[in-house]
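Open the model in your viewer and keep the selection tool at hand. We will go from stop to stop, and at each one you will pick something and look around.

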Amino acid sequence: MIPFSYARASDVQDAIAKGALGGTKFLGGGTNLVDLMRETIERPTGLVDVTGLSSEITETRDGGVMIGAAARNTAVTEHPLIRSRYPALTRAIVAGASAQIRNMATVGGNLMQRTRCTYFYDGEGSHCNKRAPGDGCDALSGFNRSHAILGASDACIAVHPSDMCVALTALDAMVHIEGSDGSRSLPIKDFHRLPGDRPDIETMLQPGDLITAIELPASSIAANSTYRKVRDRASYAFALVSVAAALEIENGNVRDVRIALGGVAHKPWRAERAEAALRGKPAGEAAFLAAAEAELAAARTFEGNAFKVELARRTIVSVLTELSGGAV
Amino acid sequence: MSISVNGNAVQVPDDPRVSLLDLLRDGLHLHGTKKGCNQGACGACTVLVDGERMLSCLSLAVQFDGRSITTIEGLGEPGALHPLQQAFVEHDGFQCGYCTPGQICSAVAMVEEVRRGVPSHVTSDLNSNVIDFSHDEMRERMSGNLCRCGAYNGIIDAINETLKEAAE
């Protein structure tokens, strides 16, 4: 590891002041950042530990839930408000990593996770535009079984690794951010970026910005939500494809629906085309399949990952069928 | 600035690069905690932090100022073994033994998580706080601890044994 300074933030303003120094990064549970620093892929000159900031999980005045960014993943997953009102979020978090890692990882840090593309991690032996813009991408013609089928570019076909963020995307979560210019909020679907020609820039955060909280809006549809993750082994593996969805059926028709996909893109992928194709349609396999097709029509595959299109199609249909009560 | 390790106050290292794992092994010569992958994939470095299981390899020691760490040496010693350590011996919960301290620390905290009602990937009813110690639940909850000798059946038997004893 390259030498760095360490400081603890006593409150948000203290964190912003300490984080304003160039080369500084905020430290949560460290489960991804410490590993990347050991590999010298991340090279901060200073760390500002923000795990002492708000980790509270509280109901908001309008019936939503506010989660302090320092809340540990386990604390979110076991919270009664999350389990009962936003089951997709609990399901997504417990599908990720291991219990040890979920006990350490913070919610804010989960949003800032970096891809597990093997070429990104192979600092000495591989070309990667995410590590070094302009360097090239060895995944394009290499082992790309786990890589993106939607929204990728010729510069980068890596995928976002988080399960939690996929559920947050389906649940319309807001990301609250504090920066040197004050505070602002972003819908999570606009928080992460597609790679374009700058895959090294992964979020809309400006240097020095701090994630302070994640807000789940009040939602009647969220109570009927779930998360399904398909992976190479039954536990402790990243997603090949995952689906977070929420469904509301009225008189046999889809009144409202939310779908987000994981393991398929550089960011948690909100399937808005599928949602639009499904609203008002009779709930059933034909409509679910048509919705999946509508979303996946834009898929672009590579030698190793063409299977993901069919896998995503089937997983979407299966999850929607489950949420419709399996009666269709 | 100090960390409590098995009840003893320990100075936080000056260099923030020192991981909790390296502090335990190299600084305090507590060699029970193992360095397997050193990247959060194997679970061999699992220790208890204020009773919660965490990976000491992905932790910077400096982050644990004021907190209380329990390693395998703090759980029990020869002559005064923790019930789960004894059960691992009796049920062949290991072959080479390298993953064992992590497995035992992990299982001790896992049992508490189940009692607290923390759901897992295989929990069917999220709204129930009562979770069965089923075979599937235990395997899922222990998936962060790899055993390359494949002593998993013995490990599950050992955990079951201590649960049975605790219930009696």
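**Stop 1: the domains of chain A**

Keep in mind that this is a predicted model. Colour residues 5-50 of chain A as domain 1 and residues 238-323 as domain 2. How far apart are the centres of domain 1 and domain 2 of chain A? Taken over C-alpha atoms, the distance is 37 Å.

**Stop 2: the cysteines**

A search over all chains finds zero. Select A:C117 to see one case. Its closest cysteine sulfur is in A:C128, 6.1 Å away, which is too far for a bond. A:C117 is buried, at 10% relative accessible area.

Jump to chain B and select B:C96. Here the closest cysteine sulfur belongs to B:C149, at 3.7 Å. That is still too far for a bond, because a disulfide needs the two sulfur atoms within 2.5 Å. B:C96 is exposed, with 58% relative accessibility.

Go back to chain A for A:C165. You will find A:C165 in helix α9, residues 164-170. Is A:C165 buried or exposed? It is buried, with a relative accessible area of 0%. Show its contacts beyond four places in sequence: A:N110, A:L111, A:H160, A:I188, A:H192 and A:P268.

**Stop 3**

Select A:R102 in helix α6, residues 99-104. This arginine is buried and has no salt bridge. Which side chain of opposite charge is nearest to A:R102? It is B:E140, 4.9 Å away. Beyond its sequence neighbours, A:R102 has contacts that include A:R72, A:N73 and A:T74.

Next, pick A:R228 in strand β9, residues 225-230. A:R228 is partly exposed, at 29% relative accessible area. Outside four places in sequence, the residues it touches include A:V241, A:T315 and A:E322. Draw the line from the side chain of A:R228 to that of A:E322: this is a polar contact of 2.9 Å.

**Stop 4: salt bridges**

The structure holds 33 salt bridges over all chains. Begin with the pair B:D22 and B:K35, whose closest N and O atoms are 2.9 Å apart. B:D22 sits in helix α1 of chain B, while B:K35 is in the loop between α1 and β3, 13 residues apart. Both are partly exposed: B:D22 at 22% and B:K35 at 31%.

Move on to B:R67 and B:D50, a salt bridge at 3.1 Å. B:R67 is in the loop between β4 and β5 and B:D50 in the loop between β3 and β4, so the pair ties together parts 17 residues apart in sequence.

Now select B:R115 and B:E112, a salt bridge with closest N and O atoms 3.6 Å apart. They lie three residues apart in helix α4 of chain B, which means about one helical turn separates them. B:R115 is partly exposed at 48%, and B:E112 is partly exposed at 42%.

Pick A:D172, A:D256, A:R258, A:R270, A:E275 and A:R279 together: salt bridges link them in a network.

Methods
Residues numbered from 1 in each chain as written. Chains lettered and ligands numbered in written order. Predicted model: local features only at pLDDT ≥ 70, side-chain atom pairs only at ≥ 80, totals over all residues. Heavy atoms only, no water. Domains from an automatic or database assignment. Buried < 20%, exposed > 50% of the residue type's maximum accessible area, 1.4 Å probe, protein only. Helix = DSSP H or I, 4+ residues; strand = E, 2+ residues; numbered from the N terminus. Lys, Arg positive; Asp, Glu negative; His and termini not counted. Salt bridge = Lys/Arg side-chain N within 4 Å of Asp/Glu carboxyl O. Contact = heavy atoms within 4.5 Å. Polar contact = N/O pair within 3.5 Å; in protein donor to acceptor, adjacent residues only side chain to side chain.
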